[in-house]
Amino acid sequence: MRTLVLNAGYEPLAVISFKRALVLVMTEKATIVERVEEDPVWGTRDVYDRPAVIVLTRYVRIPAGRRVPVTRRGVLRRDGHRCAYCGKSASTIDHVLPRSRGGADSWENLVAACLRCNNVKGDRTPQEMNWELRWMPQPPRGAGWRVRGTERADPAWEPYLALAA
């Protein structure tokens, strides 16, 4: 069981274990915003609410320059596992400007592609193939990308992740 941690301004910070979240609540460093009703935590002397979402009592400054690292899994997730050329299910990633021509491993140059389109395109640009991208690749935005662990989000987290997007 995981818990979403919100900053004092209600922006998502991290995903932690419910045990760590319970310690933060018991030491009055956080308060419970959402709890798991049907699954309390039984202690030796008391029963505690199991936290699903907590908010810190003091604001924590976040460095502004945190960029999301480029990964194969991230590109596929950003593009919804859809090919940027034909729209079918994608399992590979493709460099829009091929690496052999100076194309970088960046969010702006990588797209999800189906195996067929990736093999047909090969070492050429979409313009040389007379293909158009269905969307322009951009770096992902939103709290779901900055906070690790939100890809397997609890339904109780959705309103708080949507606020920060």
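**Salt bridges**

I began with salt bridges, and a search of the whole structure gave me 5. For these I count a side-chain nitrogen of Lys or Arg within 4 Å of a carboxyl oxygen of Asp or Glu. This is a predicted model, so local features need pLDDT of at least 70 and side-chain atom pairs count only at pLDDT 80 or more, while totals for chains, interfaces and linings use all residues. Residues are numbered from 1 along each chain as its sequence is written, and side-chain values use heavy atoms, with hydrogens and water left out.

I looked up R78 and found a salt bridge with D79, with 2.8 Å between the closest N and O atoms. R78 and D79 are both buried; buried here means under 20% relative accessible area, exposed over 50%, and partly exposed in between, with a 1.4 Å probe and protein chains only.

My next pair was D94 and K121, whose side chains meet in a salt bridge at 3.1 Å, N to O. D94 belongs to strand β5 (residues 92-95) and K121 to helix α3 (residues 115-121), so this pair ties together parts that are 27 residues apart in sequence. I take helices (H or I, at least four residues) and strands (E, at least two) as DSSP runs, numbered from the N terminus. I noted D94 and K121 as buried, both of them.

Then I turned to R101, which forms a salt bridge with E128, the closest N and O atoms being 2.7 Å apart. Distant parts of the chain are linked here: R101 sits in the loop between β5 and β6 (110-113), and E128 in helix α4 (residues 126-129), 27 residues apart. How exposed are R101 and E128? R101 is partly exposed, at a relative accessible area of 40%, and E128 is partly exposed too, at 43%.

**The sheet**

On to the strands: 4 of them form an open sheet with mixed pairing, in the order β2-β1-β4-β3. I call two strands paired if DSSP finds at least two bridges between them. At the edges stand β2 (12-17) and β3 (30-42), each with a single partner strand, so one side of each has no neighbour in the sheet. From one strand to the next, the twist averages 30°.

I checked β1 (residues 2-6) against β4 (residues 47-56) and found parallel pairing over 3 bridges. L4 stands opposite V53 in β4.

Last, I looked at helix α1 (residues 18-26), which packs on the sheet and touches β1, β2, β3 and β4, contact meaning heavy atoms within 4.5 Å. The direction of α1 makes about 85° with that of β4; axes are lines fitted to C-alpha atoms, for helices over the stretch in contact, and angles run from 0 to 180 degrees between N-to-C directions.
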